Each structure stands twice: as structure tokens, then as C-alpha cells.
Amino acid sequence: MTGCTANQFVPQSETALQDSALQQALSHAQTGFVKKRAQAIAMVDDFELLKFKAQAAKRNALSNLGELLEQFEHKVIESGGQVHWAGTTDELNACVVTLCSEANAQRVIKGKSMIGEEAGLNSAMEAAGFELIESDLGEYIIQLAKEPPSHIIAPAIHKTRKQVAALFKQYHALGDRGLEAISDLVNEARSVLREAFLTADVGITGANLLVAENGSIAIVTNEGNGDLSATLPRVHIVVTSIEKVVATMEDASDILEVLARSATGQHMSAYTTFFNGPKRERDVDGPTEFHVVLLDNGRSALLDGPFEPMLNCIKCGACLNHCPVYSNVGGHAYGWVYPGPMGSVLTPLLQGLDAAEPLPNASTFCGRCEEVCPMGIPLPAMLRQLREQQHQRKLEPFTWRMGLSLYSWLSTKPRMFPYCQWLLRVALKMLPKRLWPAGRKPIQAQGNSTFMKQWSQQSDKRSQSGE
Ligand code: SF4
């Protein structure tokens with residue numbers, strides 16, 4: 001997914017708010033994630049200690065990033081694999097296409113990879129003539145629907161069961177078979193994907209972590225599709241990014257302790273596998289070739305700067321699940337690969353502020369994202385810094401700047417301020433309803449006179465006391 005429509009966040013949000021199927025899907029899914037995370041954390045004696053260890057492991061990795069990446073490369077080569085460096089997403093796509101061509105591949109099976117999404121890898125592979133099949137159930141559904149993912153761990157969260165059944169009916173030879181229950185849908189996808197696993201020439205996966213001390217990559221899934229994509233085809237290509245590296249297996253284990261609990265509310269994901277190089281003589285299965293493609297795409301430029309903490313993100317999705325904005329508009333409104341609070345920071349950093357102008361403002365600053373982030377990433381503070389940058393570069397629309405100037409002038413006039421508020425409410429109430437976004441009502445101007453008198457008196461007192 002290379003096209004970024006983050007600048008269309010506002011109209012895309014309005015469309016999302018009017019989409020009743022999306023609203024239904026979002027409400028069910030969000031509640032489940034939030035509840036399960038809370039239960040999983042309540043079962044741990046000291047979750048703060050787990051978070052502390054995970055954050056320390058990541059901090060250590062970022063402060064030695066160059067050395068650890070070199071060590072990782074050395075260990076991968078030692079175990080019979082190869083590491084490829086991609087500065088940009090185009091370089092990553094070109095590298096993967098070349099590797100697949102050299103392997104005389106036709107069919108490629110792919111596990112879930114946010115780096116693949118960031119690079120628009122699927123389009124590049126299809127343009128090069130390869131048949132690419134997504135193996136993660138959510139990714140497979142949105143591949144059929146020709147849509148981008150709307151959540152970093154649950155890509156088809158915006159689809160209802162009925163919509164998925166309709167997609168399978170459209171693309172699979174179902175005959176008279178009905179797909180009423182969720183288990184019917186899962187079995188149907190399994191039967192199609194099993195054949196793809198067995199006939200694919202190349203398997204592409206992402207990686208949750210890279211371990212420098214032994215050159216291992218960790219893949220975490222709940223469907224086992226990552227393991228099948230990595231072991232059944234004759235070539236395994238890992239597409240990942242440089243900040244995923246950690247020093248030791250112990251560090252990786254500290255991060256895995258918080259990842260599953262924060263993401264899906266599990267003690268540990270159902271399939272947590274470490275891969276290390278191609279098949280050896282004593283192995284019963286595995287690929288004959290093992291490649292790791294490491295993407296930078298602007299990440300190294302964040303090191304030692306105010307946005308370096310964003311590189312600690314382990315893509316658990318907890319900030320999305322607890323965000324009142326994401327919960328209402330879903331992922332597609334954000335217009336690029338990374339939605340929710342982490343996306344509102346990461347998209348402007350990777351795509352540029354000009355390409356994602358509304359995102360730093362797509363927040364209520366309620367602070368829940370930072371509260372639930374297992375890596376302690378100060379998302380609201382970073383959104384504020386992005387807003388400051390926009391203000392300094394005069395990137396806000398002219399009307400916003402005018403509005404802000406008027407507001408800051410008015411807020412120094414304690415007598416005038418409440419009357420203007422009241423006037424505005426009355427004016428908004430008089431607006432025709434069709435001009436209001438769906439489901440929204442004008443703010444009721446109730447009890448204003450009493451409120452205004454009190455507010456004005458308090459303001460006078462504050463002015464007199466010099467507060
Ligand atoms: S910012 Fe924090 S909560 Fe959000 S996805 Fe990253 S690690 Fe998870």
C-alpha cells in the first residue's frame with residue numbers, strides 16, 4: 001500500500017461514521033480486545049515490572065542499533081542465510097522480486113507483514129507477474145476484498161461475518177454449501193489456503209523480533225500460517241525493519257511477555273516460533289534458502305531525536321483499541337498503513353507532515369494510548385510536538401490559523417468569552433441538520449445564562465487576584 005490518503009482523514013472519517021456495517025464491526029471487535037487485555041494483565045502479579053524489562057531491552061537495542069544489526073547479519077550468514085539492506089520501500093520491493101525471480105517462483109505465499117504493507121509489496125509482486133496469496137485469514141479476506149488492512153493486528157476487523165461469507169461466495173467454488181457459522185468460514189479458508197501452502201515456491205513472512213546473538217527471527221501468530229509459510233516453500237524471505245533487532249534471547253522473551261498480553265489478551269500467542277537459517281542436514285523440514293530483507297525507510301533518521309521512542313513500538317495495537325477516535329472511525333480513515341494513535345505519529349514521520357496534515361490533530365488527548373502502551377511511548381507528547389512543527393511551518397489551513405488567533409485573543413477577555421460561546425452555540429443550533437455529520441446533533445444551549453454569570457464572576461475574581 002504505497003498511496004497515502006492521510007490528508008483526506010476528515011472526509012474519510014465522515015464516510016466511516018455513516019457506514020453502519022463498519023460501526024457494528026468496530027463496536028464488537030473493540031470491546032473484545034479491551035476486555036481480554038484487562039483480564040490478561042490482571043492475572044500477572046506485576047505487569048509494571050514486565051513493562052519495565054521490555055522497555056529496557058528495547059532501549060538497550062536502540063542505543064546499540066548499528067552494532068546489533070551487524071552482529072545479526074554475521075550470525076544469519078553463519079547459519080547459511082543472507083541479509084539484504086533496503087534503504088527505501090522501492091529497494092525492498094526490487095530485492096524481493098529479484099529473489100523470487102532467481103528462485104524461478106510462480107506462486108508465493110505470504111504471512112502477515114506490516115513492512116510488506118508499508119512497501120506496497122503485494123502490488124510490486126503482482127506487477128512482476130507472481131501469484132501472491134495472503135495466508136493470514138484477515139489478510140486473505142482483505143486481499144479478496146481488494147482493501148488495505150484497517151488494524152495492525154486484526155486487518156479485517158472492519159468486516160462483519162456476513163460480508164466475509166459474501167466474499168467467499170463470490171471468489172470460491174462453493175456450490176450449494178452455505179457459510180453460516182464462523183467455523184464454516186474458517187474451514188473454507190483453511191481448505192483453500194492449505195493447497196496454496198503446499199504448492200508455493202516462496203514463502204514471505206514478517207518478523208516480530210530479530211535476535212542479534214544468534215541470528216534468529218521471531219514470528220508470532222495465532223493461526224500457524226507464519227510457520228507454514230516459513231517452512232513449506234523451498235525459499236523463505238523475511239521482510240522486516242531495522243528497529244526490530246534486540247541483543248539477546250532473554251531480551252526477546254521480555255518483549256514477548258508484554259506483546260501478546262497487550263495485543264490479544266493472551267499469556268503467549270498460540271504460535272511463537274524462532275527461525276534460524278535454512279534447513280540443515282538433520283532437519284526434517286525447512287527452506288533451502290533463507291533471506292532477511294531489512295528496511296530502513298526513514299527509521300535511522302529518528303535515532304537520537306525527539307521521536308526516537310516511536311522506534312520502541314512493538315505493533316501490539318493496544319493504543320488503537322483504546323483510542324476513542326480509532327474506535328469510531330476505524331483504520332481506513334487514517335489513509336495509510338498505520339492507523340490510530342501510533343499511526344498518527346508514525347505516518348507523518350515516515351511520509352512527511354505535508355502528506356499527513358490532519359493526523360496530529362486526530363486525537364482527543366485523553367491519554368489512554370500512552371496509559372496502555374506497554375513500551376511507554378509518549379504518544380500524546382509526540383502528537384503535540386508534531387502540531388508545534390505544523391504551526392511553525394504554517395502547515396495548518398488558513399482558516400485554522402485564523403480561528404486559533406481569534407480564540408487566543410478571545411480567551412484573554414473573560415467577560416466577552418462566555419457570550420461569544422453562547423452566540424456560537426445559538427448559531428450552530430440554527431444550522432440546517434443536513435450540514436451536521438451523521439448521528440451528530442447541535443450542542444444544546446441549556447442553562448447558559450446561569451453558567452455564564454458564574455463563569456464571568458469567577459473570571460473577574462481570577463483577574464483581580466492576578467491568577
Ligand atoms: S504505540 Fe505502544 S500501544 Fe501502540 S502499537 Fe506501539 S507498542 Fe502498542
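**Close-up views of a predicted model**

**View A. Strands S2 and S4, side by side.** S2 and S4 run parallel and are joined by 3 bridges. Opposite Ile204 in S4 stands Lys110. Strands here are DSSP runs of E with at least two residues, helices are runs of H or I with at least four, and both are numbered from the N terminus; two strands count as paired if DSSP finds at least two bridges between them. The model is a predicted one, in which local features need pLDDT of at least 70 and side-chain atom pairs count only at pLDDT 80 or more, while totals for chains, interfaces and linings use all residues. Residues are numbered from 1 along each chain as its sequence is written, and side-chain values use heavy atoms, with hydrogens and water left out.

**View B. The sheet of 6 strands.** This open sheet has its strands in the order S1-S10-S7-S4-S2-S3, and the pairing is parallel. Strand S1 (82–86) and strand S3 (131–134) sit at the edges with a single partner strand each, so one side of each has no neighbour in the sheet. On average, neighbouring strands of this sheet are turned by 20° against each other, direction ignored; the angles come from lines fitted to C-alpha atoms (for helices, over the stretch in contact) and run from 0 to 180 degrees between N-to-C directions.

**View C. Strand S4 and its partner S7.** Strand S4 (residues 202–205) pairs with strand S7 (residues 235–241) in the parallel sense, over 4 bridges.

View D. Helix H5 (residues 89–102) lies across S1, strand S2 (107–110), S4, S7 and S10. Against S10, H5 runs at about 170°. Contact, here and in the other views, means heavy atoms within 4.5 Å.

**View E. Two asparagines with positive phi.** Asn104 sits in the loop between H5 and S2, and its phi is near 50°, a positive value in a residue other than glycine. Asn297, in the loop between S10 and helix H13 (318–321), has a positive phi of about 50° although it is not a glycine either. Which of them is buried and which exposed? Asn104 is exposed, with a relative accessible area of 64%, whereas Asn297 is buried at 16%.

**View F. Inside the nonpolar cores.** The largest core holds 108 residues, and Leu92, Val96, Met125, Ile237, Tyr338 and Met342 touch the most other members. A nonpolar core is a set of buried Ala, Val, Leu, Ile, Met, Phe, Trp, Tyr and Cys residues joined through side-chain atoms within 4.5 Å. Leaving out residues up to four places away in sequence, the contacts of Tyr338 include Met114, Ile152, Arg299 and Leu350. There is also a second, separate core of 19 residues, with Tyr140, Ile141, Leu185 and Ala189 among them.

**View G. Helix H8 meets helix H9.** Helix H8 (residues 137–145) packs on helix H9 (residues 161–171) at an angle of about 65°, their axes 10 Å apart. The crossing of H8 past H9 is left-handed, that is, the near helix is turned anticlockwise from the far one by less than a right angle (clockwise would be right-handed). On the H8 side the contact is made by Leu137, Tyr140, Ile141, Leu144 and Ala145, and on the H9 side by Val164, Leu167, Phe168 and Tyr171.

View H. Strand S5 (residues 209–211) and strand S6 (residues 216–221) run antiparallel and share 3 bridges, and Leu210 has Ile217 in S6 as its bridge partner.

**View I. Ser344 in helix H15.** Ser344 belongs to helix H15 (residues 340–351) and counts as buried because its relative accessibility is 0%. Setting aside neighbours within four places in sequence, Ser344 is in contact with Tyr334, Leu359, Pro360, Ala362, Leu383 and Leu386.

Terms used
Buried means under 20% relative accessible area, exposed over 50%, partly exposed in between (1.4 Å probe, protein chains only).
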